[in-house]
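Please read this note with the structure open beside you, taking the numbered points in order.

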Amino acid sequence: MRADARRNHDRLLAEARTVFAEHGTDASLEDVARRAGVGIGTLYRHFPTRHALMSAVFEDAVNELLDRARELRTAPDPCQALLTWLHEVVVHAAAYRGLSRALMSASPDSALSRCGTPMREAGNALLTRAQNAGTVRPDVQITDLLRLTHAIALASEESPGDPELASRLLTLTLKGLRPEKPRGAGNCATSHSGLAPAHEPHAYGD
């Protein structure tokens, strides 16, 4: 990429982060281009679709969550590690209004949907560890858990006056993951201490 094209690319990403955080992911792309000092045609040359731009904006956040999942794979309590990571997914998803809805409705071949593959792999490693410890039912799938986290983020987004809503909903949801006779000392019905409110501000890429 030429130096001027790289500068345009970087300015577009920076302004998209700001605009999406302020106005949600349905914000005007013309506004993004205007703030970046380029025309809308330049924006579409770099990012052919809104989902392509969103995927690029959230790449840093995805990488952060992947790093966090790797850290949590050595945590002493596998169920708590899974719950902690899922809650952090909710926090990230709630940082931009409309992101969870877009992720849930994205077509399988869209750029936004494809960025979910490493997330599913990272989450599945944590889920499998908790299942092997006997604290999560063996029939639970990571795809279902991630769909639930996005639904919880959406519910939290619609209830800004209740900062504890996401933590309560996530804990309530995970009660259904518990085996009938858990082998481990802990379980996902009670491992919810220390979770931050899902609306807590989080800077993507900062």
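1. Aspartate 67 counts as partly exposed because its relative accessibility is 37%, where buried means under 20% relative accessible area, exposed means over 50%, and partly exposed lies in between, with a 1.4 Å probe and protein chains only. Its partner is arginine 70, with which it forms a salt bridge whose closest N and O atoms are 2.2 Å apart; a salt bridge here is a side-chain nitrogen of Lys or Arg within 4 Å of a carboxyl oxygen of Asp or Glu. Arginine 70, at 45% relative accessibility, is likewise classed as partly exposed. Both residues belong to helix α5 and sit three residues apart, about one turn of the helix, a helix being a DSSP run of H or I of at least four residues, numbered from the N terminus.

2. Please keep in mind that this is a predicted model, in which local features need pLDDT of at least 70 and side-chain atom pairs count only at pLDDT 80 or more, whereas totals for chains, interfaces and linings use all residues. Residues are numbered from 1 along each chain as its sequence is written, and side-chain values use heavy atoms, with hydrogens and water left out.

3. How many salt bridges does a search of the whole structure find? The search finds eleven, and one of them joins the side chains of arginine 6 and aspartate 10 at 3.5 Å, N to O. These two residues are separated by about one helical turn because they are four residues apart in helix α1. Arginine 6 is partly exposed, with a relative accessible area of 37%, and aspartate 10 is partly exposed with 39%.

4. The side chains of arginine 2 and aspartate 4 also meet in a salt bridge, at 3.1 Å, N to O. Arginine 2 counts as exposed because its relative accessibility is 59%, whereas aspartate 4, at 33%, counts as partly exposed. Elsewhere, Glu22, Asp31, Arg34 and Arg35 are linked in a network of salt bridges.

5. Alanine 14 is found in helix α1, which covers residues 3–23, and with 37% relative accessibility it counts as partly exposed. Although alanine 14 and valine 57 are 43 residues apart in sequence, their C-alpha atoms are 8.1 Å apart in space.

6. Is helix α6 mostly covered or mostly exposed? Helix α6 is mostly covered, since 15 of its 16 residues are buried. Running over residues 78–93, it reaches 23 Å from its first C-alpha to its last, close to the 22 Å expected at 1.5 Å a residue, the expected span being 1.5 Å times one less than the number of residues. At the start of α6, a side-chain oxygen of aspartate 77 comes to within 3.1 Å of the backbone nitrogen of cysteine 79.

7. The largest pocket has a volume of about 570 Å³, and among its 24 lining residues the closest to its centre are Leu103, Gly116, Arg120, Leu146 and His150. A pocket is an open set of points on a 1 Å grid over the protein atoms alone, with protein on both sides within 12 Å along at least five of seven lines, and lining residues have an atom within 4 Å of a point. The largest share of the lining, four residues, comes from α10.

Technical notes
Polar contact = N/O pair within 3.5 Å; in protein donor to acceptor, adjacent residues only side chain to side chain. 1 Å grid on protein atoms, 1.4 Å probe; cavity = no way out; pocket = protein on both sides within 12 Å on 5 of 7 lines; lining within 4 Å. Points joined across faces, edges and corners; volume = space filled by probe spheres on them.
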